[in-house]
Amino acid sequence: MKKFATLLVLCCGIIFASLPAAASSLKIVALVNGEIISNEDIQNRINAFLLTTRIPFNAQTRGMITQRVLNAAIDEQIKLQEAAKNGIEISEEEVNNSLRQFERSHKIPMGQLNTILKQADVNPDTFASQMKSDLAWLRLVRKKSYADGTLTQKEVENALQEAKDDLTTPKYLISEIYIKKDNAKNLSDLVYNLRHDDRFELYAMQFSQSPTAANGGRLGWLNKGKLPEAIEKKLDKMHEGEISDPILYGEGYYIVRLDKTFDPKTDKAEMPGTEDMRKFLENQKMEEFSKKYLQD
């Protein structure tokens, strides 16, 4: 389902990417199971993306931003359609509550969000639709993943034991941005932006083609000696907080940030508690279920 819709978008996306922001004629960019996504929809979403992320829209980022917004628009339609199939409805009140929460978290005066959106050439209905899609998908995933089975106490205990055993091994805490070869354009400019903008997680969420994008690119702690040699050689020469040049490995390029190192001989680590581990495993399980369900 998603694969077919993506093919349509890729064919049209090249044409759309060259359109001026003020394109007057309405064009169909994609059809997602009968639902139309127009160039006007995409432009609204690009404007919303720029408003909420403040990532520069220039020759270096234009292609990545446009493709990211196109993919997100497809996902939004699929999520709403799938939720509707499963009898999940999101009320107008729930959407409004979510919009008010967005105002509070971004320190926007109550009731002023629509004004700010209009000033940025964003249709408030488009923004509300994105909120509705996220709410519907979260409710659907919780319902489906709960039916798929809950965590057992044994799983939590095993994870705690593994964490305890793992504290005897040197490791890296790293974050990544992965770009496939076919999309690997202007990577040096992306690295430049990352080194001059401390929002690595935001860039990872928007541009990385790895499953870790949903977590801001965070890979977590990885044991030394278990990483690909090309990446580990770079890490061994890096300082904490440093961002690597693009590293070619397999079918794409990795840009990694070394967040921290752990040496069991000199560093002391704290063990997570039972409830912390349970929450971590539950979130991990739900996230993995969400990705697989959307792709299916």
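Which order do the 4 strands of the open sheet have, and with what pairing? I took this up at the start of my notes, bearing in mind that I was looking at a predicted model.

**Entry 1, the open sheet.** I read the order of the strands as β4-β3-β6-β5, and the pairing in this open sheet is antiparallel. The edges are formed by β4 and by β5, the latter covering residues 247-249, and each of these two strands pairs on one side only. From one strand to the next I noted a twist that averages 45 degrees.

I next looked up the second largest pocket, which holds about 1,100 Å³ of space. Two or more residues of the lining come from each of α7 (153-166), β3 (171-180), β4 (218-223), β6 (252-262) and α11 (274-295). Of these elements, α11 gives the most, with 9 residues. Sorted by class, the lining has 14 nonpolar, 6 polar and 13 charged residues.

I turned to strand β1 (residues 28-32) and strand β2 (residues 35-38), which run antiparallel and are joined by 4 bridges. Within this pairing, I found that L31 has I36 in β2 as its bridge partner. The hairpin has 2 residues between the strands, and N33 takes a positive phi near 50 degrees.

For helix α3 (residues 62-85) I noted 24 residues and a reach of 35 Å from the first C-alpha to the last, which is close to the 34 Å expected at 1.5 Å a residue. Just after α3 I came to G87, which takes a positive phi of about 75 degrees.

Two packed helices are described by the angle between their axes and the distance between the axes, and I looked up both values for one pair. The axes of helix α8 (residues 187-196) and helix α9 (residues 200-207) come within 9 Å and cross at roughly 145 degrees. On the α8 side I listed L190, N193 and L194, which meet F200, Y203 and F207 in α9. By class, this contact has 5 nonpolar residues, 1 polar residue and no charged residues.

Methods: Residues numbered from 1 in each chain as written. Predicted model: local features only at pLDDT ≥ 70, side-chain atom pairs only at ≥ 80, totals over all residues. Heavy atoms only, no water. Pairing = 2+ DSSP bridges. Axes fitted to C-alpha atoms, helices over the stretch in contact; angles between N-to-C directions. Contact = heavy atoms within 4.5 Å. Nonpolar A, V, L, I, M, F, W, Y, C, P; charged D, E, K, R; others polar. Expected span 1.5 Å × (residues − 1). 1 Å grid on protein atoms, 1.4 Å probe; cavity = no way out; pocket = protein on both sides within 12 Å on 5 of 7 lines; lining within 4 Å. Points joined across faces, edges and corners; volume = space filled by probe spheres on them.
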